[in-house]
Amino acid sequence: MEYLKSPMNYIGNKYRIIADIERYFPNEINTFTDLFCGGLDVSINTSALHTVCNDINNYIIDIYKSFQRYDIQYLLDYIDTQIAAYKLSKFDKNSYIKFRNYYNQSGNPLDLYVLMCYSFNYQFRFNSKHEYNNPHGTNRSEFTSVMRSNLTEFKERIDSYDFECFDFINYDVNNVKSGDFLYADPPYLLTCGSYNDGKRGFRGWSESDDMQLFDLLDSVNKNGGKFALSNVSHHKGFVHNSLLQWVNDNNYKMHNINCNYNNCNYQNKNKSNITREVLITNY
Ligand SMILES: C[S@@+](CC[C@H](N)C(=O)[O-])C[C@H]1O[C@@H](n2cnc3c(N)ncnc32)[C@H](O)[C@@H]1O
C-alpha cells in the first residue's frame with residue numbers, strides 16, 4: 001500500500017514507521033479515534049467507517065477545520081496569494097518575519113499553515129502571549145510541489161473527520177465500543193519532544209499522565225474496544241518500568257517497531273544507545 005504523507009511535516013509524526021505500526025491495526029474498524037492526532041499521518045492512512053481526531057493543540061485543530069471549510073481550489077489560491085504577496089521563500093528571512101507579524105495580528109489558521117511551511121522544522125511554537133515565534137526555516141522550509149499535491153489528497157481524506165480539541169484526561173472514551181479502535185500516540189515520557197504551543201494547550205508530560213492514559217486504555221479494553229499505544233520502552237539507558245509493568249499485569253501484547261541494527265539490537269555492546277519503539281495492543 002502506498003501511504004500518504006501529511007502536508008504538516010509534524011514533529012514526532014509517524015510517517016516513517018507507518019507500515020510497521022499499521023500491520024498490527026485491525027482490518028475492519030467502525031470508529032477510529034486518534035487521541036493524539038498531531039499531523040494526522042496515522043489517521044489519513046487508516047481506513048475506518050468514521051474517524052475522530054483529537055489533539056490538545058488548538059492551533060493545529062483550527063487549521064484542519066479551516067481545510068474542511070473551504071474547497072481545495074480556494075485553499076491553494078489563498079496559499080499562493082499569501083506566498084506571492086509576502087514574497088515568501090526559503091531564502092528570505094525578512095519576508096518571513098513580516099508575514100509572521102501579520103499572522104500574529106490576523107490569527108487566521110490558513111495564514112498559520114502558510115507560515116509554518118516556511119518555518120524552522122515546520123514547528124508550532126508560540127510564546128506566552130500566544131504569538132507564533134518559530135524562526136525562519138532558512139534554506140530548508142518552503143511550500144513544495146509535493147506538499148501541494150499531498151495537501152490536495154489530504155483535504156479529501158480529512159473532509160469527513162470529526163475534530164476535537166481536548167486534554168486526553170477529559171476525553172470521554174466510553175463511546176469506544178466493540179468494533180471501534182483507539183490509537184494513542186502521546187508524547188513519550190522517556191524522550192519527550194517539544195510540542196510548545198504557548199501554555200495555552202500543551203502542558204508537558206509526566207509519569208502521572210502515563211498512568212492516567214493507562215487507566216483510560218484499560219477502560220477501552222473493559223468496554224470491548226480495541227486499542228494500540230505507541231511508546232518507547234527503552235531509551236538511552238532508561239527503561240520505562242511502569243509501562244512494562246502495566247503491559248505485563250494486563251496481558252497486553254507488545255510489538256517491536258522499526259527494529260534495525262542501530263536502534264534495536266540487544267547484542268549491541270553499547271546498550272545505552274538503544275531506543276526501543278513499541279506498539280502495545282489489547283488484541
Ligand atoms: C507524538 S505527537 C502525535 C503525532 C501523530 N501521531 C502524527 O503522526 O503526526 C503527540 C501529540 O500529542 C499532543 N498532546 C500532548 N499532550 C496532550 C494531552 N494532554 N492531550 C491531548 N493531546 C496532547 C501534542 O500536541 C502532539 O500533537
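Helix H5 is mostly covered, with 8 of its 9 residues buried. This is a predicted model. The cover over the buried residues of H5 includes H2, H3, H4 and H6.

**Helix H5**

- H5 runs over residues 109-117.
- Its buried residues are Leu 110, Asp 111, Leu 112, Tyr 113, Val 114, Leu 115, Met 116 and Cys 117.
- Among the elements covering them are H2 and H4.

**H2 against H5**

- Two packed helices are described by the angle between their axes and the distance between the axes.
- Helix H2 covers residues 58-69.
- H2 and H5 pack at an angle of about 110°, and their axes are 8 Å apart.
- The two helices, H2 and H5, are therefore roughly perpendicular to each other.
- On the H2 side, the contact is made by Tyr 59, Asp 62, Ile 63 and Ser 66.
- On the H5 side, Pro 109, Leu 110, Leu 112 and Tyr 113 meet them.
- By class, this contact of H2 with H5 has 6 nonpolar, 1 polar and 1 charged residues.
- Leu 110, Leu 112 and Tyr 113 are in this contact, and they are also on the list of buried residues of H5.

**Helix H4**

- H4 spans residues 93-106, which makes 14 residues.
- At 1.5 Å a residue, H4 should span 20 Å, and its end C-alpha atoms are 20 Å apart, which agrees.
- The buried residues of H4 are Tyr 96, Phe 99, Arg 100 and Tyr 103.
- These residues cover an arc of only 110° around the axis, so they sit on the same side of H4.
- The buried residues of H4 pack against H5.
- The face turned away from the buried side carries the exposed residues Asn 94, Asn 101 and Gln 105.
- Just after H4 comes Gly 107, with a positive phi of about 65°.

- H3 runs over residues 72-85.
- Its 14 residues should span 20 Å at 1.5 Å a residue; the end C-alpha atoms of H3 are 20 Å apart, in agreement.
- Asp 71 lies in the loop between H2 and H3.
- Asp 71 is exposed, because 10 other C-beta atoms lie within 10 Å.
- Asp 71 and Ser 128 are 57 residues apart along the chain, and their C-alpha atoms are separated by 33 Å.

**The loop between H5 and H6**

- Helix H6 covers residues 145-158.
- His 130 is in the loop between H5 and H6.
- His 130 counts as partly exposed, because it has 15 C-beta neighbours inside 10 Å.
- His 130 is 18 residues along the chain from Leu 112, and the C-alpha atoms of the two are separated by 12 Å.
- Tyr 122 also has its place in this loop.
- Tyr 122 counts as buried, because it has 20 C-beta neighbours inside 10 Å.

**Positive phi angles**

- Most residues other than glycine have a negative phi.
- Tyr 122 is not a glycine, yet has a positive phi of about 55°.
- Asn 9 is not a glycine either, and has a positive phi of about 45°.
- Asn 9 is found in the segment before helix H1 (18-22).
- Asn 9 is buried, because 21 other C-beta atoms lie within 10 Å.
- Lys 87, which follows H3, has a positive phi near 50°.

Note on methods: Residues numbered from 1 in each chain as written. Predicted model: local features only at pLDDT ≥ 70, side-chain atom pairs only at ≥ 80, totals over all residues. Helix = DSSP H or I, 4+ residues; strand = E, 2+ residues; numbered from the N terminus. Expected span 1.5 Å × (residues − 1). Buried ≥ 20, exposed ≤ 12 C-beta atoms within 10 Å, placed from the backbone. Arc of directions from axis to C-beta. Contact = placed C-beta atoms within 7 Å. Axes fitted to C-alpha atoms, helices over the stretch in contact; angles between N-to-C directions. Parallel < 35°, antiparallel > 145°, perpendicular 65-115°, else oblique. Nonpolar A, V, L, I, M, F, W, Y, C, P; charged D, E, K, R; others polar.
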